[in-house]
Each structure stands twice: as C-alpha cells, then as structure tokens.
Amino acid sequence: MRIILSCVALLASAVTGFAANPPADSPEKNEPVFLTANDMSIATGNPSLVLMSSGSTHIPVWSLSGGTAGQSVVGVVPLPGGCAAVRVEIVVTTSEAPANSGAEDVYRVHLSQMVENAPFTERYYLGNPVRTALPAAPFHSRTIVLESYYEVVPDAPLCVRIQREPTDPANTFTRPTGLAMVKVTPVKRPAKPYVVQEAKRYNSWPMIQAIGDTLVCVYSRGSAHDIGEDARAVYARTSPDQGKTWTDETLVANTPGFGEVAVGKGLDSTGAMLLWVRRVGSEWLQDLYRTTDGVMFKLVATPKLAVMPVQITDVFTVPKVGLMALWFAGSYADGADHSWGTLTSADDGATWKQTVIESGLSKSQWPTEPSAVYLGDGRILAIGRSETWGGSSTARSQFQLTSTDDGATWKRTQTNIGEVVGSTPSLILDPKTGLISNYYYQRGRGGVLRRRVADPALVFDNPLGWPVSTAVATGSELPLDAGNVNATAIGDTHFLAYYSGRAPDTAILVSAVPAPAGGNSASAHSAPQREKE
C-alpha cells in the first residue's frame, strides 16, 4: 500500500499547475529532467536518506542495501508537451571499495504514468534488471541506463521507482550503494517501417537478404502462430528501391502435408542468395534453396543430418572453411537434451558437414536462433537467444558464442543484454567502420526493436561489455505476435525485417536504419527519428 500512496502523493504534487499550458519552468522538449535524492521518497522496504561524505564533500544519497531485497525509492517528473518516449538513467556511488575485482550490482526501474481518465496502474512497466561492474575505488560515480526507450503519453506525469536487486545472481557486491540522482531524457520515436505484406492472415518469421542493390524478403503465412500447420507456406517479394515498394508475391515452397518456414539466409561464393526452409510434417526436414533474383528459387539440398535441428540459421563465409551456418536442436517446451553446433560446406551448399559443439544442455543453457559474423583471423562472434522466458533476472540474457579457430572450437558465455523475451538476434558487421550491430526485438510490454553497437574487439572477450541499446523500430506488444528480426545491408543502410500485429492477422515490416558511424562511443548511435506519429 505504501508504494501506491507514495506515487499518489507525489503525482498529485506534480499534477498541480498542469493545464492547457505547462508551467514556465517545465522542461523543454528534449531537455532532461533530474530528480535528486531529496526529490524522492521511500516506496518499499527501508532505504535511508543519508549524506555520503568524503573530506569536505557531502552528497545526499539513498542508501540501498546489498543484502536486503525489496528496497526502492520513488519520484515524479513532469513531461513536456510532445514528449513521445523517455530514457531513464541513475547516478550511483559507494563509500566502500569492492572486496573482489569484477564485483557487480544490479538495479531496475519501475515506470508508470498518471493519464487522464485511466487508472495510474494502466501504463505500469517493470524494467529489466541491469548489471554493471563497480569501480575499484570508492566514491567514484557511475551513470547507469536502466531504460533506453519507454513510450509515454505526453503531458502526463511520469512516476519513476528505482530498486536495487541484491538477490539477482549477478549482484556480487553485498555492501550498500548510494543513489544520488535520476535523469529522465525525452527521446523521439523511430521512423515508421515499410510494409512488405499487410496484416491479412498470420504472416511471420521473415528473412531479408540483399542481392546487389535488390532486397529480397522471404516470409511464411498460415492461420496462427504454428510452424507445422499444412496451410503454412513460404513466399517472397523483392524491392528495387530500398524497401519503399515491393513486387507481387511469389511462392517459394508449399509442400502438401507440411508446414514450411524460412529459417536462415545468406550468400554463396557467386553472390547468389541461399535460403534454409524448415519443413515440418510427418518428419522434420531442412531444405536449402538458391536464387539469383529473389523470384525463382531452386532446391539445392536436403541434407541428411545425424542430429535433426530445430532450425538452421543464417549462412556466412569463413575463408578457410567455406560456407558455415549454426544450428540448434532440442525442444522449445522443455527437456534436458539440448544441443547446438555448426554446418559447413565446401561446395557452395551442395553438401554439408555437421559438427556438434555442445549437447546435453538444459533449456536455460541452450543458445537458440544464433546469428554469427566472421571477424577475420579465424575469429567468429555469434549471439544466441535465451529460452528463459519466465522470471525477471539477469539470467534471462542473450548468449555470446566465440571461436578463434575458424569454428573448430567455441566458448559460450552470457551477455549483459537483458531486455529480451524470446528475442532472436541478427548481426551485421560493417566493413567500413568495423562496428558490429546486434538487432533484436523486445517482445511483450514495450514492443521495441533494439540495436546495440559495439567494437568487436571490446566485447569479444568481454560479453558483459555491450553498450546500451537504442530503439530503431516499434511494433505490437503481444508477446508471440511480433518479433524475429532479420537484418541485411546495402551500402550504409541496414534493413530489418520483422513481423507485427494481432493474431490471426500479422504484417511483415521492414525498417531502414543508417549504419552506425565510426567513433569512440558506439552506444551513442541511434536510429532515424520522427517528431510525431
């Protein structure tokens, strides 16, 4: 009850004076709003407002326990007219050095708004836990982004509740920390996507590939979120003008008695497009098609594999090996016999060699739907989806898979990429800048397609070092009726295909996003923006 009363009291004070015209001291459209420790109140638990002192410097902070769960503080910020979304950051410090190097603490944000004629619980959003490493010395400040994109109702006061999560498995610093300030910055909405296939029936799971200057988008259509229904077939469209317009639909695969879904794409050594299509019916099969124009697709191979994958993912080139694709096998439902590995081809996809990298994995250890890029000198970096859908801890983070010997051996670790729910990754390595872009769709509340940009040299051996995400597109908030981004590039533009809608009708969309520019701060790269819908 106390959190509700705290928000009501704070919101009531923030609403005072809100009318047709905002007060003179309200923030400008894109100026950040700050909450100091003195602007916040106890929401849950028993945090204490104290002075953190060093010499003659005294900073008011909220002391948040490293051992007692459920401590949080809350404040309210007025939002300017026209504000479409916000970014939320905190500034924290500690008076004690960590006992061990690499110690981390974990925080999350709770967001809600008081919207006219609606319950103030209606827009409640539980942020994802964010882990960061502590500095080696005390009294150092850290700025932590807890949410990079939360859509808001303009003019409605925003309730911001900050909570430390000492019981999260990543929280290894058990001493108190001090919350000094909250920063809320207005951000713009991403540009609207292009429509490839309108929302008539269940269009889903797209793949996109550039053949020269032509975009090829392949997707499947059925009646529901069902990979095995006989009604599900695979279709393709092409775009000669970078996604603005699309040709009429052509049929790629529709085998009687099977449900078919495009699951991976890439290029062979001649520049032709390769497409993996999963065929599910009386048996599971993986068919490889080839096309030079995105219109006519020819079946190249249906490899007989010792371990039948759930899915074979995107094809990429490893110079000393040939073509490579990652695969994973097991059950999305449950079980303990999950595996993943590589497929390699030395003859442009006519034949394939399967290698198991890991087997006998639990579902929580299982990297699924991975996307990989070859970095050079035998190094491969891949990101895999986590199948931990329930709960809300840093354990639900994307996996990073790395190899330094052309894919012969691999190392699997978890990343700090935690705003994921069944979020399939798609990677692009920019040859001009050397930066890697990791695209993924945050399903559920939010419905945000995000990008993290990094220098591969800084994250290859440091999977917890991925910079903060930015929003590049938005879509449906229904967990299963949107997502599964797949990316390709033409020049300095990335093209992102995903699906979005409400069952039984979902659309195939493509967003065009500028490739990140080179520079020292990969996290500063953002998407094209718009002021209004």
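**Exercise 1.** Over the face of which ring does arginine 379 lie, and at what distance from the ring centre?

*Solution.* The model is predicted: local features need pLDDT of at least 70, side-chain atom pairs count only at pLDDT 80 or more, and totals for chains, interfaces and linings use all residues. Residues are numbered from 1 along each chain as its sequence is written, and side-chain values use heavy atoms, with hydrogens and water left out.

Step 1. A charge sits over a ring if NZ of Lys or CZ of Arg is within 6 Å of the ring centre and within 35 degrees of the ring normal.
Step 2. Arginine 379 lies over the face of phenylalanine 460, 5.6 Å from the ring centre.
Step 3. Another case is arginine 221, whose charged end sits over the ring of tyrosine 235 at 4.2 Å from its centre.

**Exercise 2.** Classify the ring pair of tyrosine 125 and tyrosine 150.

*Solution.* Step 1. Rings of Phe, Tyr and Trp (its six-membered ring) pair if their centres lie within 6.5 Å; planes under 30 degrees apart are stacked, over 60 edge-to-face, and the rest tilted.
Step 2. The search of the whole structure gives 10 aromatic pairs.
Step 3. In the pair of tyrosine 125 and tyrosine 150 the centres are 5.7 Å apart and the planes stand at 35°, so the pair is tilted.
Step 4. Strands are DSSP runs (E, at least two residues), numbered from the N terminus. Tyrosine 125 is in strand β8 (residues 125-126) and tyrosine 150 in strand β10 (residues 142-151), so the pair links parts of the chain 25 residues apart.
Step 5. Both tyrosine 125 and tyrosine 150 are buried, where buried means under 20% relative accessible area (1.4 Å probe, protein chains only).

**Exercise 3.** Describe the lining of the largest pocket.

*Solution.* Step 1. On a 1 Å grid over the protein atoms alone, a pocket is an open set of points where a 1.4 Å probe fits, with protein on both sides within 12 Å along at least five of seven lines; lining residues have an atom within 4 Å of a point.
Step 2. The lining has 23 residues, and Gln209, Leu267, Val315, Phe316 and Leu427 lie nearest the centre of the pocket.
Step 3. Elements giving two or more residues include β15 (202-211), β19 (259-267) and β23 (311-318).
Step 4. The lining divides into 13 nonpolar, 7 polar and 3 charged residues. Ala, Val, Leu, Ile, Met, Phe, Trp, Tyr, Cys and Pro count as nonpolar, Asp, Glu, Lys and Arg as charged, and the others, Gly among them, as polar.

Note on methods: Helix = DSSP H or I, 4+ residues; strand = E, 2+ residues; numbered from the N terminus. Buried < 20%, exposed > 50% of the residue type's maximum accessible area, 1.4 Å probe, protein only.
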